[in-house]
Amino acid sequence: MTVITSAEVLVSRPGRNFVTLRITTSDGVTGLGDATLNGRELAVASYLSDHVAPLLIGLDPHRIEDTWQYLYRGPYWRRGPVTMASIAAVDTALWDIKGKVAGLPVYQLLGGASRTGCLAYGHAHGATPQETVEAAHAVLARGFRAVRLQSGVPGLGDIYGVGASTLPGDEVRWSRPLEEQWDSSKYLRFVPSLFELGRAELGEDVHLLHDVHHRLSPIEAARLAVDLEPYRLFWLEDVTPAEDPAVLRRVRAASTTPLAIGEVFNSVFDIKPMLEERLIDYVRMAVTHGGGISAVRKILDFASMFNARSGMHGPEDISPVGFAASLHLGLAVHNFGIQEFAGYTDETLALFQPGFTFDDGYLHPGEAPGLGVSYDDTIGEAHPYEANYLPVNRLLDGSVHDW
Ligand code: GCO
Ligand code: MG
């Protein structure tokens with residue numbers, strides 16, 4: 001019988017930190033999984049190497065579902081971002097192996113393609129609405145049909161989506177988190193003008209998106225959703241902190257602006273009440289943080305019963321391995337909606353050599369067996385881990401707010 005002979009945890013920083021799991025079988029087949037948890041990378045690396053890797057040795061690599069259940073139910077302590085990113089990495093690596101053994105891309109094992117490609121959205125950001133719209137023109141010129149607009153807000157410095165902290169491939173590092181300032185009333189007054197300009201300059205056909213990044217109270221979120229209605233957003237993301245589904249009722253009742261949530265969720269139980277109450281339109285959970293291909297497949301099937309579609313998280317801090325896994329899943333499920341595509345630096349692409357393509361606004365995972373991603377050990381070793389925090393937010397009175 002074929003068994004798992006090794007499970008290596010590879011931590012590398014080609015411009016930013018990535019945690020990759022590589023599983024090898026007794027037949028010499030390897031599979032990759034992504035376990036990157038931005039700003040908490042070593043916690044997952046330890047969970048995997050100290051507590052999971054020893055359990056995998058000797059297991060049948062083809063028993064993906066059984067291994068998932070063993071790692072989820074087995075340790076008694078369930079859920080949480082560290083545990084679920086670790087399980088996701090194992091699950092993804094085993095799907096990669098199964099695809100390679102079958103000689104098929106993973107999407108074929110998931111039922112085959114439901115579409116010719118996955119609609120992608122790109123990022124445009126600037127210090128002012130004018131700069132953001134200019135950046136959006138450049139994004140659209142690269143073929144995108146959908147673009148997320150984030151702009152600086154007068155009176156606030158670097159904020160989420162526009163500061164140096166979120167530029168792809170940035171080399172900025174901190175031994176403590178950078179502190180940003182936030183003021184919801186300044187933001188609420190300002191954001192409609194960004195979309196007024198964006199819609200006027202970019203036209204009616206383009207899909208426009210915006211990420212609030214968990215900062216508003218329920219009543220503020222409802223007001224923003226109403227104020228943005230004239231600009232017909234594809235979605236408004238993470239309008240409130242994600243812990244309490246009940247707050248979304250207020251937003252939902254007030255407006256027809258579509259809502260997306262879930263990039264920080266790690267279990268079906270996080271999103272279940274929002275789906276059952278029809279409070280959201282798009283599920284942001286991605287393979288890397290949602291427990292793997294097996295788990296997110298089930299979540300999306302469940303979402304389909306409530307007319308919700310996928311809108312998987314695709315920032316620079318999900319590695320090309322996790323991103324490829326999301327693409328295979330997105331190509332296969334019927335209720336795919338859109339895929340975020342923040343893009344990767346050349347160093348990251350050199351490390352992983354992903355086979356996915358982007359053409360005319362659509363992503364495709366490629367036809368290579370498995371996930372279609374590799375890992376270059378020499379490049380990986382040349383870029384060792386360095387500590388790097390996400391920023392934190394303080395209100396103008398100095399109190400800590402959601403980032
Ligand atoms: C997004 C996200 C990211 C996160 C980042 C945190 O919509 O892409 O909000 O920008 O902030 O992934 O690690
Ligand atoms: Mg987001």
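In this predicted model, helix H5 (residues 129-141) packs against helix H6 (residues 184-202) at an angle of about 40°, and their axes are 10 Å apart. This angle makes H5 oblique to H6, since angles under 35 degrees count as roughly parallel, over 145 as roughly antiparallel, 65 to 115 as roughly perpendicular and the rest as oblique. Helices here are DSSP runs of H or I with at least four residues, numbered from the N terminus, and axes are lines fitted to C-alpha atoms over the stretch in contact, with angles between N-to-C directions running from 0 to 180 degrees. Contact, meaning heavy atoms within 4.5 Å, joins Pro129, Gln130, Thr132, Val133, Ala136, His137 and Leu140 of H5 to Phe190, Leu194, Leu197, Gly198, Glu201 and Leu202 of H6.

A second pair is formed by helix H9 (residues 268-276) and helix H10 (residues 292-304), whose axes come within 10 Å and cross at roughly 10°; H9 and H10 are therefore roughly parallel to each other. In this pair, Val268, Ile271, Lys272, Leu275 and Glu276 of H9 meet Ile299, Phe302 and Ala303 of H10.

Around ligand 1 there are 14 residues (each with a heavy atom within 4 Å), of which Tyr160, His213, Glu263, Arg284 and Glu340 come nearest. An oxygen atom of ligand 1 lies 2.5 Å from a side-chain N or O atom of glutamate 340, and one lies 2.7 Å from such an atom of histidine 213.

Residues are numbered from 1 along each chain as its sequence is written, while chains are lettered from A and ligands numbered from 1 in the order in which they are written. Local features need pLDDT of at least 70, side-chain atom pairs count only at pLDDT 80 or more, and totals for chains, interfaces and linings use all residues, whereas side-chain values use heavy atoms, with hydrogens and water left out.

Conventions:
Helix = DSSP H or I, 4+ residues; strand = E, 2+ residues; numbered from the N terminus. Polar contact = N/O pair within 3.5 Å; in protein donor to acceptor, adjacent residues only side chain to side chain.
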